[in-house]
Amino acid sequence: MSAPAGLPRLLAPSPANHREHVARYGSLPGLRKRAERAEFVAMVERSGLRGRGGGGFPTGRKLRAVADGGRHPVVVANGAEGEPASRKDHVLLRYSPHLVIDGAAVAARAVGAEEIHFVVDRRDAEGLAALDAALRERAPEMPSPGAWRVDVVPNRYVAGEESAVVNFLNGGEAKPVTVPPRPYERGVRGRATLVQNVETLANLALIARYGPEWFGAVGTTDEPGSVLTTTVGAVARPGVFEFALGTPFTEVIEGAGGPTEPLGALLVGGYFGTWLDLPTAERLVLAHGVLHRAGATLGCGVVVAVPALCCGVTETARVARYLASESAGQCGPCVYGLDAIASALEALAAGRAPNGTIATVERWLGDVAGRGACHLPDAVVGFVRSSLAVFADDYVLHERKGPCAAVTHAPVLPLPDPATRDRSWR
Ligand SMILES: Cc1cc2nc3c(=O)[nH]c(=O)nc-3n(C[C@H](O)[C@H](O)[C@H](O)COP(=O)(O)O)c2cc1C
Ligand code: SF4
């Protein structure tokens, strides 16, 4: 079995069943001996794999912490995908469930876990069906009946945050809880719990077979491997794509068929992410380090192409209201601060905000920054602050003269349908 060269890796055409999957990729290492497990963790550390759920945390380091974290640890494959603009976890579960299961299985072997929870967004019927079918095929691999199970979480923005996932699996609501202890210290039923995004696990499945050198054959020296993007907005072929880390955003947009109209900005990293004006975005690449130095974040790989003729103030106000309404209602700065910021932005968008509103919003952003158990307020801070910078002239125009002509543009940033939106936390 030869290792796949180049890309796609994760989005290669799906094998029809587990037999074909094994015929293509080979079997997973057994990791039965302690030394083999230790060598595997060291190999993942050497590979440079970082989490694909948004935070970019080194996967090897988390594996080591859980492996050293006490008896009977638990593995959670996080496919909650609460970010409304992201579809990559859905696509992976739908088309490559065996890679995700492989990743969870090999992670469990590495840390000595027998219990795996596959956490899936309640609304992802296709992903759930594909995962269920794949797990049924692999029932004989389970250490005991029910040791691998699927848990469906409500479709809420913060439900996929790892402490929320653990709280849910412990019988509570899918709401974040204050950390520490972090899940890798004390998680499901008090056990050390490895929470990894499903894309991270699919990468782990391939690293387990082909090794860190293969993994680093694409990407950059600092950031090896590929990354899935969900590219939407004003592009000809919106969808989920796989790129080498280090790929310029110009190629990301071309990869989605190119712009359908002149672009004014990109939103990168989803709603935990950052607005970038087009000239800046055109100089940047898909990589945590480069984006971080530019004050941005790769997040979960969402890239929204925003037309020049769309109103950035209105788009920002819509999403800020959505984020405020997704507060789990537990932390004061989140409950009151986000609502106030969203209301001020709505007033600016509608052209009925008194002079000084922009400055007030800036001050409130400072007040909520770094607050809240799950840092949802930080999402709003990054998203709104970058909007105030990129659309500075438009904000001033809205405050002084009223709404611009572009407010009638159809909404660009995706949001859940209000009529069918999930309101529950269980
Ligand atoms: C508000 C919030 C929402 C999050 N939602 C998700 C999510 O839907 N899916 C996900 O995999 N990670 C999500 N994360 C990140 C998780 O907390 C966690 O870091 C991740 O699942 C770990 O996996 P990784 O190291 O493989 O990225 C979220 C984080 C925050 C702060
Ligand atoms: S910051 Fe907001 S969403 Fe996060 S836990 Fe607190 S109230 Fe809930």
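## Close-up views of a predicted model

**R189 is partly exposed, with a relative accessibility of 48%.** The structure shown in this and every other view is a predicted model. R189 belongs to the loop between helix α7, which spans residues 162–169, and strand β4. The phi angle of R189 is near 50°, which is a positive value in a residue other than glycine.

Is L31 buried or exposed? With a relative accessibility of 8%, L31 is buried, because the limit for a buried residue is under 20%.

**The peptide bond between L7 and P8 is cis.** The omega angle of this bond is about 5°. P8 lies in the segment that precedes α1, a helix formed by residues 18–25.

**Ligand 1 is surrounded by 19 residues.** The closest of them are G53, E162, Q196, N197 and T200. Which element gives the most residues to this shell? Strand β4, made up of residues 193–197, makes the greatest contribution, namely three residues. Sorted by class, the shell around ligand 1 contains eight polar, six nonpolar and five charged residues. The space that ligand 1 takes up is the largest pocket.

**Oxygen atoms of ligand 1 lie within 3.5 Å of polar atoms of K62, N78 and N197.** For K62, a polar side-chain atom is 2.9 Å from an oxygen atom of the ligand. For N78, the separation between a polar side-chain atom and a ligand oxygen is 3.0 Å.

**Ligand 2 sits in the largest cavity.** How many residues surround ligand 2? There are 13, and the closest are A328, Q330, C331, C334 and C374. Which classes of residue make up this shell? Nine of its residues are nonpolar and four are polar, while no charged residue is present.

**The side chain of D417 approaches the backbone of A419.** A polar atom of the D417 side chain lies 2.9 Å from the backbone nitrogen of A419. D417 is placed in the segment after α16, the helix of residues 392–401. The relative accessible area of D417 is 43%, so this residue is classed as partly exposed.

**D121 is a buried residue of strand β2.** The strand comprises residues 115–121. The relative accessibility of D121 is 11%, which is under 20%, and therefore D121 counts as buried. How far apart are D121 and A342 in sequence and in space? In sequence, 221 residues separate them, and from C-alpha to C-alpha the distance is 26 Å.

Key:
Residues are numbered from 1 along each chain as its sequence is written. Chains are lettered from A and ligands numbered from 1 in the order in which they are written. This is a predicted model: local features need pLDDT of at least 70, side-chain atom pairs count only at pLDDT 80 or more; totals for chains, interfaces and linings use all residues. Side-chain values use heavy atoms; hydrogens and water are left out. A residue is near a molecule or strand if one of its heavy atoms lies within 4 Å of it. A polar contact is a pair of N or O atoms within 3.5 Å; within protein, one must be able to donate a hydrogen and the other to accept it, and residues adjacent in sequence count only if both atoms are side-chain atoms. On a 1 Å grid over the protein atoms alone, a cavity is a set of points where a 1.4 Å probe fits but cannot get out, and a pocket is an open set with protein on both sides within 12 Å along at least five of seven lines; lining residues have an atom within 4 Å of a point. A molecule sits in a cavity or pocket if more than half of its atoms lie within 2 Å of its grid points. Helices (H or I, at least four residues) and strands (E, at least two) are DSSP runs, numbered from the N terminus. Ala, Val, Leu, Ile, Met, Phe, Trp, Tyr, Cys and Pro count as nonpolar, Asp, Glu, Lys and Arg as charged, and the others, Gly among them, as polar. Buried means under 20% relative accessible area, exposed over 50%, partly exposed in between (1.4 Å probe, protein chains only).
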